[in-house]
Amino acid sequence: MTRVTRFAHGSRVPGWDQAADLDKDPAGVPDPALVEVPAKLRAEIEAAMALYPDRRSAALPALAAAQRVHGWCSPEAIEQVACVMRLTPAYLSSVATFYDMFELEPVGPHSVYVCTNISCSLRGADALYDAIEQAAGDDPQINLRHFECLGACDIAPMVSVDQVYYGPLELADAQRLVDDLQAGREPIPDLALSRLRCADPKANA
Amino acid sequence: MPRARPRAATPILLRDIDEPGLATLEVYERRGGYQAMRKALAMDQAAVVAELDASGLRGRGGAGFPAGRKAAFLPQGDMDRYLVCNADESEPGTFKDRELMAKNPHMLIEGIVIAAHAAGASRAFIYIRGEYEQQARVLDAALAEAAAAGYIGERILGGSFSCSVVLHRGAGAYICGEETGLLDSLEGKRGNPRLKPPFPAVQGLYQGPTLINNVETLSTMPHIIAMGGAEYAKLGVSGSTGTKVVSVSGHVQRPGNYEIELGTPSREIIFDLAGGPPEGRQVKLWFPGGSSSPVLTAADLDVPYDFDSLAKAGTMLGSGAIIVVDDSTPVLDVALKLAKFYRHESCGKCTPCREGTNWTVRMLERIDAGEATPMDLDIMASVQEHIIGNCLCVLGDAMAMPIGSMIAKFRDEFEAHMHSRQLAGAL
């Protein structure tokens, strides 16, 4: 029979035994006098808040900005955003946990998203993921993830490296991608989506 | 590697797509850009809506709702109205908006101003998916150019109409392509869909009347205004007017975006434009409108590609993304891939979708593991039926419809797969 993953005491619910401490008061909106926020991050969040009729709309751009500074949505990052936006950390955690692009644990600085949805998998994306995983080994600099359809099925199978699209990749390109990243070069530049005509006006200059 | 790009007889949206530097204001204007906006702003609001209505344009995002009628739904009066451009293109197989935004951002901005004028909206937001960072940069640059030229912002072209445009980046959630999920996300919340009614046209963003349109729909509007609604309606077929950018992917030799006149036979798109499946392979099944549409088989290849013909064939045009699967791939692999995707993307708000997607994945895995019985196929089919129409949004339906159609059309193959795995397990 297929084994169902069990957690402590046989529960099928992850984290059930790490329930909230009911004796503790929930964290309120952080006191601006006690939280240090990098000036650049504060300016970026405040600029985002000014764009909308309701400042809370800036939650996504603000969390993204904090993630760029801290590398992930750490408790400190959430607290700094909460302090500037005048929201509770719990509210922002609830938002951060909903979206795939917010990292909830420390990760390597280079994001490598491999699209393994239907169109890419029909063209060998699962084997490509395995090849990249093998090439990357346990390099802590590389944050390799399966990702849902990235909207580039015309260059399937494709990857998004640090938010730049590349494809179509052969299995042999996996090692080259990892080597380029480890050497600090632009990865597989010949496969960048922007090489296709007019994808980027500068490419035609 | 420039690729040959066969085109529709009358390309509209992709007419200039390979023009060098089209993303800049200078080149766009040289190609006749922003003339339609001038024309629209000189017309009164009702006249613009009438042109959109006359064009018969149906929404290109998935639901196919008449765009002119949607704009007319917004209550008028002294209140803040909003226009939201849905650029959260996440439907598997769809990549038309990516190309339109990256290569011709000003066409979208011009369409936004025209639609905002039609709806009487003074604030517009473009909700672009977080993964589209390169496209967001192109749009940011184009918005800055348009603002500097006075095409967006306060008192556009020195007239009385004002409309600000803000680019808002998402953070990776398929459900935010659903219009009410998108609104919640734009308000800075988790992207949970809302109960409808009230529809966004009455109570949408910040509780105000909101018009939501897809990138391709908005990008078409300048052309409708330029050529006139009646002229545009001559393209395509009755009930599905105009042209459509179709994203073809999967097992075809030339995957890509192709602009066709609606009503073109599907075979022409899959074979003549996209090159058909690789040598020696046959089309086994295809999704006509993204991964959420019920599948068709090789027997349906002559269905005309338009809203009504596809509906008659028991499926839908959806976002206009054709995914071709050839005979080298087991249907179970396709079903499992899809079910896992919808399980991951279900927001968890409605029970039928949250539990239904989860159970479908588990049952498909049981089949693959050789632990299923023929009864399981019936149970799985009934799970799909219990999802459809029972949730706040159509994410669950989007899994139930294709999986249900796969079980109905490929039942023999599912059963054969089940038996072969059982035999393999017994050995």
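**View 1. The loop of chain A that holds P168(A), between β4 (164-166) and α7 (173-182)**. In this predicted model, P168(A) is placed in the loop that runs between β4 and α7 of chain A, and the peptide bond joining G167(A) to P168(A) is cis, with omega of about -10°. Most peptide bonds are trans.

**View 2. The loop of chain B between α8 (179-186) and β4 (210-214), with P197(B) and Y206(B)**. P197(B) lies in this loop and is joined to K196(B) by a cis peptide bond, for which omega is about -10°. The loop between α8 and β4 of chain B is also the place of Y206(B), a residue that has a positive phi of about 45° although it is not a glycine. Y206(B) counts as partly exposed because 16 C-beta neighbours are found inside 10 Å, whereas a buried residue would need 20 or more.

**View 3. R155(B) in the loop between α7 and β3 of chain B**. Phi of R155(B) is near 45°, which is a positive value in a residue other than glycine. Most residues other than glycine have a negative phi. R155(B) is exposed, because 10 other C-beta atoms lie within 10 Å and the limit for an exposed residue is 12 or fewer.

**View 4. The contact between chain B and chain A**. Here 42 residues of chain A are in contact with 59 residues of chain B. Several elements of chain B each supply at least two residues of the side that touches chain A, among them α5 (96-103), α7 (133-148), β3 (164-169) and α14 (351-368); the element that gives the most to this side is α13(B), with 6 residues. By residue type, the side of chain B that touches chain A divides into 23 nonpolar, 20 polar and 16 charged residues.

**View 5. Chain A and its two assigned domains, domain 1 (28-96) and domain 2 (110-204)**. The centres of domain 1 and domain 2 of chain A, taken over C-alpha atoms, are separated by 31 Å, and the C-alpha atoms of chain A fill a box of roughly 60 × 55 × 30 Å along the principal axes. Chain A has 7 helices and 4 strands, which from the N terminus on follow the order α-α-α-α-β-α-α-β-β-β-α. Of the 205 residues in chain A, 42% are buried, and among contacts in chain A between residues at least 6 apart in sequence, 57% join residues at least 24 apart.

Definitions and conventions
Residues numbered from 1 in each chain as written. Chains lettered and ligands numbered in written order. Predicted model: local features only at pLDDT ≥ 70, side-chain atom pairs only at ≥ 80, totals over all residues. Contact = placed C-beta atoms within 7 Å. Nonpolar A, V, L, I, M, F, W, Y, C, P; charged D, E, K, R; others polar. Domains from an automatic or database assignment.
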